[in-house]
Amino acid sequence: MKIALTVNGERREADLWGGESLLTMLRDTLELPGSKNACEQGECGSCSVLLDGELVCSCLVLAAQADGHEIVTVEGLASGDELHPVQRAFVDAGAVQCGFCTPGLVVAVTDLLARTPDPGDDEIREALSGNLCRCTGYAKIFDAVRLAAEGR
Amino acid sequence: MCLSSPVDVHTPRTLDEALELKAALPEARFVQGGTDVMVELNFGRSRPPALVNLAELDELRGWSSEDGELRLGAGLTYTEAMRPELAELVPALAEAARTVGSPQIRNRGTVGGNLGTASPAGDALPPLLAEGALVDVASVRGVRTLPLDEFLLGVKRNALEPDELVTAVRLAPSGGPQTFMKVGPRNAMVIAICSLAVIVDAAAGEVRASFGSAATTARRVTVPLAEAAALPERVADAAAPIDDVRATAAYRRHSLRVLASRALERCLRS
């Protein structure tokens, strides 16, 4: 089946298998591999994207459900060569180890700061509770969130 | 994925259209938020010949309140259930919603999905059961309403006929002090080892408790307000837990006794 949607501000079309997840479509058909595929059951958050402005695990969205909707992936955050402030903060705080969880966390932090510009530690903890870092680099990730919040 | 058999996806734009599809396609899987169904699909645990996307149906969205009766659309998300205006009417449901998965899951998972899946661990079920919720189900044959305790039949079994869909949950908020508690290894991303909702309904002169993950379905226990102190033992007696990978039956029963006593303290103090 064919669907049409907006991805990172661009009109895109995709031909897909009916049972396919939004994550598979983004990575394999639309060639946007920034959203990572790890658990495929909503546990790790590394596939986090914004669907109509809401943070979701793209592995748990049926691709066909995105027909006519708007997706923002980690690839859509930077403006040209200019990193998004959250991306910049992750670099400056050294909040990246193996890097696998980073795209999902960057999207989740972007969502958090859009709603809560100056989050407390408990708010950060709750907002990022769906994103796992297998390197356990959470202290630096917290630093990055505070840095991005200060920079706003 | 390319080797998979074809799957037709239907996206009805009205509830009537969805009900016609439900009657015509008994083998189809109906998807709202996808947080349960997509896991089955991603892991090849189910290969339905067709999927029906319910996410575009306005009839299932949101909530409304009229003459003291609250109607929660089946498509109400946990994130929506946590928002202040609704949280004020059904605080225990809002607390339960906040324990579901993560923000990503709460933005997609729905109350209707919790009823459709009918897991004994469904987090929305104890607070709804404690408020005596009714479930509206619809089909091309018409609409019927069942009390939630009659809707929940067993582990992942509910009273839906093959052509029926859950459209809403209705309840009259008691307004009494209430709370929800859940035991698990961390605060997020946890399937309840056991869970408990307690409501002190002074107007009705009773205390109602409902627990999850400690019997084949969520169950309710009611005691007269004057005998509130007996609630922890009554809850523990009503539980019929099992040993499984998450905990032993004995631990679940003990936890429920402790939770009931803490919940009472929390509610009676306020």
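Hi everyone, let's start with chain B, where the domain assignment gives domain 1 (8-53), domain 2 (61-171) and domain 3 (178-269). Those bounds come from an automatic or database domain assignment. Before going on, some housekeeping: this is a predicted model, in which local features need pLDDT of at least 70 and side-chain atom pairs count only at pLDDT 80 or more, while totals for chains, interfaces and linings use all residues. Residues are numbered from 1 along each chain as its sequence is written, and chains are lettered from A and ligands numbered from 1 in the order in which they are written.

Now, domains 2 and 3 of chain B. Their C-alpha centres lie 19 Å apart. In this pair, 21 residues of domain 2 of chain B are in contact with 24 residues of domain 3 of chain B, where contact means that the C-beta atoms of two residues, placed from the backbone, lie within 7 Å. On the side of domain 2 of chain B that touches domain 3 of chain B, at least two residues each come from α5 (91-98), α8 (125-130) and β8 (152-154) of chain B. Helices (H or I, at least four residues) and strands (E, at least two) are DSSP runs, numbered from the N terminus. Which element gives the largest share of that side? That is α8(B), with 5 residues. By class, this side of domain 2 of chain B holds 12 nonpolar, 5 polar and 4 charged residues. For the classes, Ala, Val, Leu, Ile, Met, Phe, Trp, Tyr, Cys and Pro count as nonpolar, Asp, Glu, Lys and Arg as charged, and the others, Gly among them, as polar.

Next, a sheet in chain B. Here 5 strands form an open sheet in the order β4-β5-β10-β6-β7 of chain B, with antiparallel pairing; two strands pair if DSSP finds at least two bridges between them. At the edges are β4 (63-66) and β7 (142-147) of chain B, each pairing on one side only. On average, neighbouring strands of this sheet are turned by 25° against each other, direction ignored. Let's look inside it: strand β6 (residues 134-139) of chain B runs antiparallel to strand β10 (residues 165-171) of chain B, and 5 bridges join them. Across that pair, V137(B) stands opposite V166(B) in β10(B). As a reminder, in a regular strand the side chains alternate between the two faces of the sheet. Helix α1 (residues 15-24) of chain B lies across β6 and β10 of chain B and runs at about 75° to β6(B). For that angle, axes are lines fitted to C-alpha atoms, for helices over the stretch in contact, and angles run from 0 to 180 degrees between N-to-C directions.

One more strand pair in chain B. Strand β11 (residues 178-183) of chain B has 5 of its 6 residues buried, so it is largely enclosed by the rest of the structure. Buried means that 20 or more other C-beta atoms lie within 10 Å of the residue's own, exposed 12 or fewer, and partly exposed in between, with C-beta atoms placed from the backbone. β11(B) pairs with strand β12 (residues 194-201) of chain B over 6 bridges, in the antiparallel sense, and T179(B) stands opposite V198(B) in β12(B).

Over to chain A. How many helices and strands does chain A have? There are 5 helices and 5 strands, running β-β-α-β-β-β-α-α-α-α from the N terminus on. The radius of gyration of chain A, taken over C-alpha atoms, is 15 Å, close to the 15 Å that the globule rule gives for 152 residues, so chain A is as compact as a globular protein of that length. That rule is 2.2 Å times the number of residues to the power 0.38. The C-alpha trace of chain A spans about 45 × 30 × 25 Å along its principal axes, and 48% of the 152 residues count as buried.

Chain A is assigned domain 1 (2-76) and domain 2 (85-150), whose C-alpha centres lie 21 Å apart. Their contact takes 12 residues from domain 1 of chain A and 11 residues from domain 2 of chain A. On the domain 1 side, strand β3 (residues 48-51) of chain A supplies the largest share, 3 residues.

In helix α1 (residues 22-29) of chain A, the buried residues are L22(A), L23(A), T24(A), M25(A) and L26(A). Their cover includes β2 (10-15) of chain A. Just after α1(A), E31(A) takes a positive phi of about 55°.

Finally, the two chains together: 27 residues of chain A are in contact with 28 residues of chain B. On the chain A side, strand β4 (residues 54-57) of chain A gives the largest share, 4 residues. By class, that side has 11 nonpolar, 11 polar and 5 charged residues. Thanks, everyone!
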